[in-house]
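Thanks for coming, everyone. Please bring up the model and keep it in view while I talk.

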Amino acid sequence: MSDNEQALSMQDTSTTKTWIKLLGCSLFGVLFFLTPLNIDGSWTIALGLLTSQISDWLGDNMGVFTVSCFVMAAVVSIVYNTSPKHIAMKLPMADRLIASHWLWVIVNVTAAVLAAMTLFQVGPHWLISEQTGVTAYIDVAGAIFLLVGLGCLLLPFLTDYGLLEFVGTMLQRPFQKIFNLPGRATIDTLASWVGSSSIAVVLTNAQFERGYYSARESSVIATNFSVVSVPFVLLTANVAGLGSYFLQLYGSMFLICVLCAIITPRLPPLSRIKDEYYPAHGKTLNEDVDDGESRVKHAVARAYGVAEKAPSPRQALKRGWHSMMDIYLMMMPAAMTIELFTLAIYYNTSFFQTLTYPLSVLLELMQIPEAQAAAPGLVLGLFDQFVPTIIASELTALETKFVLAGLSVTQLIFFAESAILIMRSSIPLSVKSLVAIFCIRTCIALPILTVIAHWLF
């Protein structure tokens, strides 16, 4: 075989491998994250199905699994942050697992102790009860560990092999006109719509760090397009006692989230964030199509170019593993501890009821029944997304149930998960900014939900 023939053969082999990566890996990502499955009359995705099966397999041992993760996080924090720096920096994943502040170490150790007390049912009732410690450190933590962990592990198959470049180029114009965002942001929305908002935040941060989103774009997407999933809306409706009004609740969420995505980025703090790119990469996204050029052809070419440079599936899994460990060891202890204390204060004191008395007056002026009992639900969603739904389940008025359930699926910013994920990411949003965005979204959502609730009931 001549040198030219050998070169052509190697080129053909390289081309075949690239197409396999582009089509095969992207197809796996679509099937795992974005393809709805109807199982026993309920809609889910492969990620949800797999996490459910693992949860069923763990059964009563879920507490052992979650508490072991919290204990491991505490041990890692102590080792990584008390060792001499020249030693700590040589440890695996040191750049991710060395806490940026000593407070993270304290939180991790506290979470491990409180989780162990909950598992072994040792301690005061306010800590270890079903409503507080068991909910935070076992039930909710187990669901998030499995869902977010597996999502992070396999997310590179959705993001790294050209699919986002293809979709982004095809949908560039409508997203730019309506939201002033790159077309590839549609994937973030899809990932949360059929998966979870936490997966969308992780995806957005990954794209920002690789130069596909600017600081402004990533901030807008993480706080406005990381919508809750369809299964979560259905769960919210059922728990709140609104199962027969699921479509109305979901339609309201869609309307409010679109309005928030148009209005919120035009107000501070999001409007003040600059279109600067992650320093390590700079801007790497270009979705523009030259005049006269086929958009489909250009989209395919861009997707192929990304797949050609993409890592092997083994390297992608390694990257996903690092992201999963970051979530397990550095995000979850803080998130679940926030949820624990929120639930403990709500169920065992009148603090939130007193604090939100002015809001109860506002709800009465808006003619919402059971205003005093519902008022804490307007602000507790900042700490944990599901708390407003829990409050709604204890009320009787359908209008009030609908308003609180609607807030739980439209406020989007909550420190038990999404806000902590954003703070752990490279997206430039502070606690103050996240609280401000939460308040803006609440101010937009509350009157709309009230009008719809009065119309429905």
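First, the ground rules. This is a predicted model, so local features need pLDDT of at least 70 and side-chain atom pairs count only at pLDDT 80 or more, while totals for chains, interfaces and linings use all residues. Residues are numbered from 1 along each chain as its sequence is written, and side-chain values use heavy atoms, with hydrogens and water left out.

Salt bridges, then. The term means a side-chain nitrogen of Lys or Arg within 4 Å of a carboxyl oxygen of Asp or Glu. How many salt bridges does the structure hold? There are 5.

Take R210 and D160. Their closest N and O atoms are 2.7 Å apart. R210 sits in the loop between α13 (197–209) and α14 (215–224), and D160 in the loop between α9 (156–159) and α10 (163–170), so this pair ties together parts that are 50 residues apart in sequence. A word on the labels: helices are DSSP runs of H or I with at least four residues, strands are runs of E with at least two, and numbering starts at the N terminus.

D160 is buried, at 3%. The cut-offs: buried is under 20% relative accessible area, exposed is over 50%, and partly exposed lies in between, with a 1.4 Å probe and protein chains only.

Next, E217 and R216. Their side chains form a salt bridge at 3.8 Å, N to O. Both residues are buried.

Now R424 and D326. Here the closest N and O atoms are 2.7 Å apart. R424 is in helix α25 (residues 418–424) and D326 in helix α18 (residues 313–348), so the bridge ties together parts 98 residues apart in sequence. D326 is buried, with a relative accessible area of 11%. One network exists too: salt bridges with shared partners join D160, R210 and R319.

On to the cores. A nonpolar core is a set of buried Ala, Val, Leu, Ile, Met, Phe, Trp, Tyr and Cys residues joined through side-chain atoms within 4.5 Å. The largest has 85 residues. Which residues have the most contacts inside it? F33, F70 and M332. Helix α18 gives this core its largest share, 13 residues. A second, separate core has 45 residues, including L363, L395, F402 and L449.

Helix packing next. Axes are lines fitted to C-alpha atoms, for helices over the stretch in contact, and angles run from 0 to 180 degrees between N-to-C directions. Under 35 degrees counts as roughly parallel, over 145 as roughly antiparallel, 65 to 115 as roughly perpendicular, and the rest as oblique. For handedness, picture the near helix turned from the far one: anticlockwise by less than a right angle is left-handed, clockwise is right-handed.

Start with helix α8 (residues 130–154) and α13. Their axes come within 9 Å and cross at roughly 30 degrees. That makes α8 roughly parallel to α13. The crossing is right-handed. L147, V148, G151 and C152 in α8 meet S198, I199 and V202 in α13. Contact here means heavy atoms within 4.5 Å.

Now α8 against α18. The axes come within 8 Å and cross at roughly 160 degrees. These two helices are therefore roughly antiparallel. Again, α8 passes α18 in a right-handed crossing.

Then helix α16 (residues 246–263) and helix α24 (residues 398–408). The axes come within 10 Å, crossing at roughly 50 degrees. So α16 is oblique to α24. This crossing is right-handed. Q248, L249 and S252 in α16 meet F402, A405 and G406 in α24. F402 is also one of the residues in the second core.

V109 is in helix α6 (residues 102–119). V109 is partly exposed, at 30%. What does V109 touch, not counting residues up to four places away in sequence? A74 and I78. The C-alpha atoms of V109 and A74 are separated by 4.7 Å, though the two are 35 residues apart along the chain.

Last, I420, which lies in helix α25. At 4% relative accessibility, I420 is buried. Leaving aside neighbours within four places in sequence, I420 contacts M331, A334, A335, I338, F414 and F415.
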